[in-house]
Amino acid sequence: MRIFIFLILFTTYQLFAIINIDATQLEESPWPKGETLLTYFEKKGIPQHLYYDLSETDKELCAEIAAETKFQQLVDSSGRLKHALIPISEEMQIHLSQTSDNEYKLDFVSIETMSIEQTIVIPISSSPYQDILSNTGNKALANEFIRAFNKSVSFNRLQVGDIVAIKYKHKVRMGRFFGTPEVDVAMIKSKAKANYVFKNDIDGRYYDEKARSLNTFFMRTPLQYKRISSPFDLKRFHPVLKIYRPHLGVDYAAPTGRQINAAADGKITFVGTKGGYGKTIEIQHKNGYKTLYAHLNGYAKNVKSGKNIKQGDLIAYVGSTGLSSGPHLHFGVYLHGRAVDPLKVINSSRQELPAKEKQIFLKKANILKQEIENATKLESKPYKIEAFEHSSNLNT
Ligand SMILES: [Zn+2]
């Protein structure tokens, strides 16, 4: 089993031709809470200059490693790190590799995934969450289904004989579901009445079949700014360096000291220095949203972790901590831990879709509805990853 897993890892990332399998050990573990790339380097005896020599963009990306993210390490018999793969988003990961004695190299490489797409129909026997989970083994999909309906349908009154249906795409990586599934349409049919929700491609939010928003989260731009100096981009290509680097937020250029206000109601979950982000505040909001405010000059009075705040409350001031270039606010928005485009979330803070967008939405919704109706007449077999067990004990 061990050898098999090694081959998957190394053919996927095409790192080496030859490795000594007997002397090395592959470990997979969750990234510890509070760990930064620098504290990790210290533990592994990796020279700190490797971090300090990185560009500002790369230092920012290194601050994106999320606690609990599963990462892989390849360690030799003396415990020395040979390789590590540490995800920073669903698309990119840090690749650390030993080049010679005590020297290491740091690259950003794509996360290779395959994607499955399918339409499933599941009869209700206990609850939508439980039935989706037991039929697919996919917890993220069960969660996304619940989130899509956002309490617009009461799941308590469901009866045996009712059904749920979903058309979705989900990435699969190293034999496991990976990241957040993309649900195009979800349906729940109770007593012959079908309730649908559809994802709008433009803002990534769910709407019902009359194009009414099921979302109650509204966000505002957190400051008055001069211009957007860098937009959100999941896979930004650098034309000169010919490398890909995502930018997982939006940069608002503004003078040092400009007031920054909370984008929405929520609870402060982090105040402090966060690697390449410098002085940073994080706020957890309802519906799984989190906002991040970076490169701050300072914090407003009484701002501390655990405090509840209201939309528009003063939280901090623009600065350039963690940077050598000009002052700006790096503003990040995360939905269930995944970076999303802040401008899209701000722009979709409205109840109704603009006329043209609504027309496109309704046209697509009709096609998807027909697909679901057809699928309910057929027998479907949910995709289940049987190799799930393997990855939880990689080093046995
Ligand atoms: Zn930025």
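In this predicted model, the axes of helix H5 (residues 128-136) and H6 come within 8 Å. They cross at roughly 155°. Angles over 145 degrees count as roughly antiparallel, and H5 and H6 are therefore roughly antiparallel to each other. The handedness of the H5 and H6 crossing is right-handed.

Helix H6 (139-149) also takes part in the second largest pocket, as one of the elements that give two or more residues to its lining. This pocket holds about 500 Å³ of space. Its lining consists of 25 residues. Nearest the centre of the pocket lie Glu182, Lys199, Gly204, Arg338 and Val340.

Besides H6, the elements that supply two or more lining residues to the second largest pocket are strand E8 (176-190), strand E23 (338-340) and helix H7 (342-347). Strand E8 gives the most, with 5 residues.

Charged residues number 11 in the lining of the second largest pocket. Nonpolar residues number 10. The polar class has 4 residues.

Definitions and conventions
Residues numbered from 1 in each chain as written. Predicted model: local features only at pLDDT ≥ 70, side-chain atom pairs only at ≥ 80, totals over all residues. Heavy atoms only, no water. 1 Å grid on protein atoms, 1.4 Å probe; cavity = no way out; pocket = protein on both sides within 12 Å on 5 of 7 lines; lining within 4 Å. Points joined across faces, edges and corners; volume = space filled by probe spheres on them. Helix = DSSP H or I, 4+ residues; strand = E, 2+ residues; numbered from the N terminus. Nonpolar A, V, L, I, M, F, W, Y, C, P; charged D, E, K, R; others polar. Axes fitted to C-alpha atoms, helices over the stretch in contact; angles between N-to-C directions. Parallel < 35°, antiparallel > 145°, perpendicular 65-115°, else oblique. Left-handed = near helix turned anticlockwise from the far one by under 90°.
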